[in-house]
Amino acid sequence: MSGNLHIMEVIKKLLTDHTESQQADLLVQVTGILAFLAADDTARKEIRNSRLIVRMLISFLAGEMNVVQDPIPRKMMETLATEALVLLTTHFKEKIVLSTVSESNVQAILAETMVEDMENIVHVLSDESADHRIGVGKLLQNLRAYQGAEYTELFKIIDKALPKVCLGPRFYTLRLKL
């Protein structure tokens, strides 16, 4: 399924071309599809190569997309975006999750992340449900594992937030679940 470039083109179209009446359900469904596809190697490459898709996932997680006003679909979309981004930054080999990160995917995500986005993402660590915080914590750990020097401002924000991830009351659960 992921080898079909047409799927990614349809997803891009759905992310940008929709009516107000269908936007909440449609965006949640598209984000869920992206989270599902992010576990497939070929689809991961296609997602990484689409600046639009990466940017939209970051915007959904950072809470910058005000197109979904209803809090229930909005939270679901943010959670699915987190899941997709975590899967994109996690390295897989033959369907087995490795302890390393996917540097090319991490770099693609960092390249599309603005300082304000990162501040909003880090803010999730103090506001959201425990499961969502765990996902965001894993994403921040994966992003921070990148060794490039070109994202210093983003890394400063992540570095300030990582003690919340490591020292929070759910640290042991975080380590076990991830």
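Which residues of the largest nonpolar core touch the most other members? In this predicted model, that core holds 50 residues, and the ones that touch the most other members are Leu-15, Ile-47, Leu-57 and Leu-140. In soluble globular proteins, nonpolar side chains tend to be buried together. Leu-57 gives a picture of such surroundings: once its neighbours within four places in sequence are set aside, Leu-57 is in contact with Thr-31, Leu-34, Ile-47, Ala-81, Ala-84, Leu-85 and Leu-88.

From the core we can turn to the charged residues. Side chains of opposite charge can pair when their charged atoms come close, and a search of the whole structure finds 7 salt bridges. One of them joins Glu-112 to Arg-51, with the closest N and O atoms 2.5 Å apart. Because Glu-112 belongs to helix α6 (residues 103-112) and Arg-51 to helix α4 (residues 51-62), this pair ties together parts that are 61 residues apart in sequence. Glu-112 counts as buried, at 11% relative accessibility, whereas Arg-51, at 59%, counts as exposed.

Another salt bridge, between Arg-144 and Asp-159, has an N to O distance of 2.6 Å. This pair also links distant parts of the chain, since Arg-144 is in helix α8 (residues 130-144) and Asp-159 is in helix α9 (residues 152-167), 15 residues apart. Arg-144 is partly exposed at 27% relative accessibility, and Asp-159 is partly exposed at 35%. Elsewhere, salt bridges that share partners join Arg-74, Lys-75 and Glu-78 into one network.

Technical notes:
Residues are numbered from 1 along each chain as its sequence is written. This is a predicted model: local features need pLDDT of at least 70, side-chain atom pairs count only at pLDDT 80 or more; totals for chains, interfaces and linings use all residues. Side-chain values use heavy atoms; hydrogens and water are left out. A nonpolar core is a set of buried Ala, Val, Leu, Ile, Met, Phe, Trp, Tyr and Cys residues joined through side-chain atoms within 4.5 Å. Buried means under 20% relative accessible area, exposed over 50%, partly exposed in between (1.4 Å probe, protein chains only). Contact means heavy atoms within 4.5 Å. A salt bridge is a side-chain nitrogen of Lys or Arg within 4 Å of a carboxyl oxygen of Asp or Glu. Helices (H or I, at least four residues) and strands (E, at least two) are DSSP runs, numbered from the N terminus.
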